Amino acid sequence: MSQQFVGDGDVADVLKLLGVEKSFSGQPAVTALDLAVPRGETCGLIGPSGAGKTTSIRIIMSILFPDAGKVEVLGRPSALDAKDRIGYLPEERGVYRKMRVGAFLKYLACLKGMPEALARSRARELLAKLGLEDVEKKKCEDLSKGMLQRVQFVGAIVHQPELLILDEPFGGLDPVSVRLLKGVISDERRRGTTILFSTHVMAHAEELCDRVVMIHKGRKVLDEPMSSLRRRYDPTRVLFEPLDPKANLDGLRDIAGVVSMQVKDGEAELQVAAGTDPSMVIREVAARVVPARVEIARIRLEDVFVGIVRSDAKSGESEQALRQHLQGLTGGAA
């Protein structure tokens with residue numbers, strides 16, 4: 001049932017935006033946005049609420065049209081020209097409430113050109129993966145909000161799209177449903193689907209994405225592979241897990257260069273003063289308490305995210321200053 005994608009000619013980037021601009025009533029929502037998503041990549045569009053993520057997605061989907069700039073989707077000048085090859089889960093959820101779930105999903109798949117028998121089989125398979133084996137014959141209006149959201153997610157992928165666009169797919173879902181959706185998204189990645197999804201939850205982006213693009217106040221302030229970000233370390237934080245879970249860690253606060261320490265679930269996070277060699281702190285920590293694990297912390301998207309938003313909110317920094325701030329957080333170019 002799985003299909004592989006060969007694409008249109010030599011089109012390497014499934015999605016391209018160049019200099020895209022969009023304003024509403026004179027207020028810029030998206031400014032000078034450049035974006036390229038290669039075939040088979042999972043790209044996270046991250047940023048705070050109101051940053052311009054949904055507006056950008058609606059422009060990609062030709063729901064909105066840019067004031068300036070160029071958009072190319074699957075080698076075409078508009079998503080409308082490739083609609084049967086795209087799966088889309090909008091931020092605003094919606095289904096045909098009077099239809100039965102199986103009929104609704106089959107209808108969506110057939111609209112995209114999938115044969116009826118394959119559509120029915122694929123819908124049943126996906127419903128089972130999402131813990132919805134018993135809802136095929138139920139009316140959509142009889143399902144809970146969380147169930148409806150999972151059904152709509154199935155509707156976005158049932159026709160095996162080449163490009164899958166998800167706008168805040170985990171919003172409002174319980175942890176079990178989130179885990180199930182992540183599993184199906186991972187299946188789609190392995191199938192070769194190109195995925196763009198927006199989120200303001202950094203942990204989701206870290207777990208699922210090959211690349212992250214951060215938007216702040218309509219401007220792109222970060223565009224980098226997760227592999228590159230994961231290789232960077234934060235020299236001001238040392239993480240320590242003792243071999244003995246009952247070990248007393250209070251003495252670690254007295255180590256020279258340690259500014260503060262937080263302990264959660266048996267793991268200590270030591271904040272190190274700027275200019276202090278973290279390797280010296282690590283040696284001293286290991287000398288005082290036998291470690292199961294001790295390491296310099298990796299950079300976290302959450303730190304980058306919060307740092308940019310807080311810095312801008314406090315000082316009204318220019319875009320250049322924000323980029324410099326981001327560069328300081330990640331240790332590289334924004």
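At 17% relative accessibility, Thr54 counts as buried, where buried means under 20% relative accessible area, exposed over 50% and partly exposed in between, with a 1.4 Å probe and protein chains only. The model is predicted, so local features need pLDDT of at least 70 and side-chain atom pairs count only at pLDDT 80 or more, while totals for chains, interfaces and linings use all residues. Residues are numbered from 1 along each chain as its sequence is written, and side-chain values use heavy atoms, with hydrogens and water left out.

Thr54 belongs to helix α1; helices (H or I, at least four residues) and strands (E, at least two) are DSSP runs, numbered from the N terminus. The side chain of Thr54 makes a polar contact with the side chain of Asp167 at 2.9 Å. A polar contact is a pair of N or O atoms within 3.5 Å; within protein, one must be able to donate a hydrogen and the other to accept it, and residues adjacent in sequence count only if both atoms are side-chain atoms. Leaving aside residues up to four places away in sequence, Thr54 touches Glu91 and Asp167, contact being heavy atoms within 4.5 Å.

Helix α1 spans residues 53-60 and is mostly covered, with 7 of its 8 residues buried. The buried residues in α1 are Lys53, Thr54, Thr55, Ser56, Ile57, Ile59 and Ile60. Just after α1, Ser62 takes a positive phi of about 60°.

The interior may be described through its nonpolar cores. A nonpolar core is a set of buried Ala, Val, Leu, Ile, Met, Phe, Trp, Tyr and Cys residues joined through side-chain atoms within 4.5 Å. The largest one has 48 residues, and Phe153, Val212 and Leu301 have the most contacts inside it. Helix α4 (residues 145-157) contributes the largest share of this core, 6 residues. A second, separate core has 26 residues, among them Val20, Ile57, Ile59 and Met61. Of these, Ile57 and Ile59 are also among the buried residues of α1. Phe153, for its part, touches Leu89, Leu130, Leu166, Leu181, Val184 and Ile185, not counting residues up to four places away in sequence.

Gly155 also lies in helix α4, and at 12% relative accessibility Gly155 counts as buried. Beyond residues up to four places away in sequence, Gly155 touches Leu105 and Leu108. Gly155 and Ala123 are 32 residues apart in sequence, yet their C-alpha atoms are 8.1 Å apart in space.

On a 1 Å grid over the protein atoms alone, a pocket is an open set of points with protein on both sides within 12 Å along at least five of seven lines, a cavity is a set of points where a 1.4 Å probe fits but cannot get out, and lining residues have an atom within 4 Å of a point. Grid points are joined across faces, edges and corners, and a volume is the space filled by probe spheres set on the points. The largest pocket is lined by 21 residues, of which Tyr88, Pro90, Leu108, Lys112 and Gly155 lie nearest its centre. β5 (86-89), α2 and α4 each supply at least two residues of this lining, and α2 gives the largest share, 4 residues. The lining divides into 13 nonpolar, 5 polar and 3 charged residues; here Ala, Val, Leu, Ile, Met, Phe, Trp, Tyr, Cys and Pro count as nonpolar, Asp, Glu, Lys and Arg as charged, and the others, Gly among them, as polar.

The second largest pocket holds about 220 Å³ of space. Strands β10 (233-242), β11 (258-264), β12 (267-272) and β13 (291-298) each give two or more residues to its lining, with the largest share, 3 residues, coming from β12. By class, this lining has 3 nonpolar, 1 polar and 6 charged residues; Arg237, Lys264 and Glu267 are among its members.

The structure also holds 1 cavity of 30 Å³ or more, and the space in the largest cavity is about 30 Å³. Gly102, Lys106, Arg120, Ala123, Arg124 and Glu136 line the largest cavity. Helices α2 (101-111) and α3 (116-129) each supply at least two residues of this lining, and α3 gives the most, with 3 residues. By class, the lining has 1 nonpolar, 1 polar and 4 charged residues.

Finally, Ser228 is placed in helix α7 (residues 226-230). Ser228 is buried, with a relative accessible area of 17%, and its side chain makes a polar contact with the side chain of Glu224 at 2.5 Å.
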